[in-house]
Amino acid sequence: MVLNDFIELFAEELEDTPIENVTATTLFRELDEWSSLTALSIISMVDENFEKRLTGADLRSVETLEELYNLVLAK
C-alpha cells in the first residue's frame, strides 16, 4: 500500500474533515475532530487493513500522517 492509499483510509475514518484537507503533512492530532474515539477508529483501521497492532503510545509518538504511515510499515 502506498502513502496516498493510507491517507484515503485515514480520511474515511473522519466524519467532518474533507478528504482534500488530509495530506501527508497533516498533524492529525490537531484536527478539530480528533478524539480518543477517533484514535480507536484509526487503530482499528490499521488492524483491519494492515493486520498490525497500534497502541495509543504509538499514535502519540508521531506527528504527521506520513510518520504514522511509516510507523505502520515498520511494525
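Let me begin with a salt bridge, a side-chain nitrogen of Lys or Arg within 4 Å of a carboxyl oxygen of Asp or Glu: the side chains of Asp-47 and Arg-53 form one, at 3.2 Å from N to O. This is a predicted model, in which local features need pLDDT of at least 70 and side-chain atom pairs count only at pLDDT 80 or more, while totals for chains, interfaces and linings use all residues. Residues are numbered from 1 along each chain as its sequence is written, and side-chain values use heavy atoms, with hydrogens and water left out.

On accessibility, buried means under 20% relative accessible area, exposed over 50%, and partly exposed in between (1.4 Å probe, protein chains only). Asp-47 is partly exposed at 27%, whereas Arg-53 is exposed at 62%.

Across the whole structure, three salt bridges are found. Another joins Glu-63 to Arg-29, with the closest N and O atoms 3.1 Å apart. Glu-63 sits in the loop between helix H3 (56–60) and H4, and Arg-29 in the loop between H1 and H2, 34 residues apart. Helices here are DSSP runs (H or I, at least four residues), numbered from the N terminus.

Lys-75 and Asp-58 also pair through their side chains, at 3.2 Å from N to O. Lys-75 is partly exposed at 44%; Asp-58 is buried at 12%.

Notes
Helix = DSSP H or I, 4+ residues; strand = E, 2+ residues; numbered from the N terminus.
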